Amino acid sequence: MKSHLVIGLLFWLTQLSAQPVLQDYIKTGLQNNLALQQKQNNYEMSLQQLKQARGLFYPSVSVNARYTVSEGGRVIEFPVGDLLNPVYMTLNQLTSSNQFPVLENQEIAFLRPTEHETKLRLVQPLFNTDIYYNARIKREQTVTEQINIEQYKRELVAEIKKAYYNLCMSQNVLTMLNSTRSLLLENIRINKSLFENNKVTRDVLLRSETELHKFDQQLNNAHKNAELAGAYFNFLLNRPLKDSITVEDPGEWVAPSGMVSDFIDMAGKNREEIKNLEQYRKISDMAVNMNRAARLPDILVVADYGFQGEKYRFNKNQDYLQASAVLTWDLFAGLQNKSKIKQSLIASDQVDKQLEEVRSRISLQVISAFEDMRTSETGFEAAKEQLATASEGFRIVNKKYSEGQASLIEYMDARNTLTQAEENLIISKYTCLSKKADFDNIIAVDIPENNN
């Protein structure tokens with residue numbers, strides 16, 4: 001099995017090196033495609049989100065300033081007069097003096113008329129499971145975005161290849177029809193000369209001209225198809241739709257050798273859909289662990305350094321320093337966390353089922369694409385045989401027609417058969433190449449290099 005895969009891979013590498021023009025266009029498409037650029041932007045955003053998640057491990061420092069003006073509110077009554085005046089009166093009598101004054105009871109407002117507090121606060125998480133698992137989940141999501149880019153690149157490469165082959169097919173059909181038209185013009189010229197020399201009747205000339213008009217309709221359709229194929233190819237490359245395109249003959253096509261089971265294994269290892277679902281499985285498992293770890297406490301350290309007072313003054317009489325270790329432990333939250341754990345487990349089970357379904361679907365795609373490729377190869381070989389017999393038949397009829405031994409109807413029929421055979425061979429050849437591009441895409445063997 002390994003030998004078959006090695007042979008197949010060598011063939012792919014050989015075919016790639018034989019199409020430098022197409023490879024240059026693929027590079028241009030990967031650089032310019034707008035949809036791919038959007039996915040790359042999504043990847044850059046996920047990287048920034050990962051940086052944010054990792055930043056939660058570091059301490060946060062903030063400045064908080066408060067200036068308050070108050071009036072009214074609660075009052076604390078302090079009966080200092082009732083407590084000390086009797087004592088002072090006794091002392092005055094004993095000393096025969098007024099040395100000790102009479103004191104009034106005091107009322108102290110709970111809110112000071114003016115107050116400010118300006119402080120620098122540092123918060124450092126010491127133990128927080130949400131921060132830990134959130135960073136891991138963001139990292140896996142970043143990998144997922146990268147996989148999405150690779151998947152789109154693979155699909156874009158296949159689409160560019162098929163668009164290029166369709167353009168080559170349209171151009172080759174157009175070239176072939178233009179060449180055939182010259183034969184029709186030559187036939188009209190000969191019949192016109194024969195008619196003018198009374199060798200044939202006028203209906204022969206009219207039949208030749210009718211065939212030309214009918215053929216011109218086919219030629220116009222071929223020209224339209226070539227224009228549309230070129231516009232779509234430039235669209236994929238994000239270029240002006242009328243830009244010129246270099247059309248290069250890809251050469252002979254040979255189907256890769258190997259067993260279907262080998263290609264199914266290759267697709268299972270390479271396809272980004274499976275890798276993505278495996279990433280989602282990791283994320284689901286992390287979500288389960290994060291919700292289970294929510295029953296643990298969170299511990300952080302808070303340190304404040306600032307100034308307090310009735311006026312804005314920053315000196316040693318108003319500064320203060322305070323540090324705290326804070327523990328938060330949710331002992332009961334209405335069974336919400338238990339429900340979150342069940343949801344995460346259900347999500348994990350869904351991903352497992354999706355993985356099984358995707359693997360089966362990819363296997364079916366490989367089998368279908370492999371058989372389509374084989375069928376197109378058989379059709380290509382039959383088209384070559386058909387062209388060989390049609391060419392020989394036209395040669396014989398053309399010789400007989402030039403000698404006056406075959407009718408115009410026989411000549412036109414042989415010519416139409418030859419034209420159809422030539423067109424069928426061109427279509428069959430590029431159909432094979434398109435089927436090969438589909439097959440490469442399905443088994444993900446032609447993975448472009450990462451340009452990020």
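## Exercises on rings and helices

Phe-235 is exposed, with a relative accessible area of 53%; the label exposed applies over 50%, buried under 20% and partly exposed in between (1.4 Å probe, protein chains only). This is a predicted model, where local features need pLDDT of at least 70, side-chain atom pairs count only at pLDDT 80 or more, and totals for chains, interfaces and linings use all residues. Residues are numbered from 1 along each chain as its sequence is written, and side-chain values use heavy atoms, leaving out hydrogens and water.

**Exercise 1.** Classify the ring pair of Tyr-232 and Phe-235.

*Solution.* 
- Step 1: Recall the rule. Rings of Phe, Tyr and Trp (its six-membered ring) pair if their centres lie within 6.5 Å; planes under 30 degrees apart are stacked, over 60 edge-to-face and the rest tilted. The model has 14 aromatic pairs by this rule.
- Step 2: Apply it. The centres of Tyr-232 and Phe-235 are 6.3 Å apart and the planes meet at 25°, so this pair is stacked.
- Step 3: Locate it. Both residues sit in helix H6 (residues 202–236), three residues apart, about one turn of the helix. Helices here are DSSP runs (H or I, at least four residues), numbered from the N terminus.
- Step 4: Check the surroundings. Tyr-232 is partly exposed, at 37% relative accessible area.

**Exercise 2.** Describe the pair of Phe-263 and Phe-370.

*Solution.* 
- Step 1: With 5.8 Å from centre to centre and 35° between the planes, the pair is tilted.
- Step 2: Phe-263 belongs to helix H7 (residues 260–270) and Phe-370 to helix H9 (residues 336–402); the pair links distant parts of the chain, 107 residues apart.
- Step 3: Phe-263 is buried, at 1% relative accessibility, and Phe-370 is buried too, at 7%.

**Exercise 3.** How do H9 and H10 run relative to each other, roughly parallel or roughly antiparallel?

*Solution.* 
- Step 1: Their axes come within 7 Å and cross at roughly 160°. Axes are lines fitted to C-alpha atoms, for helices over the stretch in contact, and angles run from 0 to 180 degrees between N-to-C directions.
- Step 2: Angles under 35 degrees count as roughly parallel, over 145 as roughly antiparallel, 65 to 115 as roughly perpendicular and the rest as oblique. H9 and H10 are therefore roughly antiparallel.

How values were computed: Helices (H or I, at least four residues) and strands (E, at least two) are DSSP runs, numbered from the N terminus.
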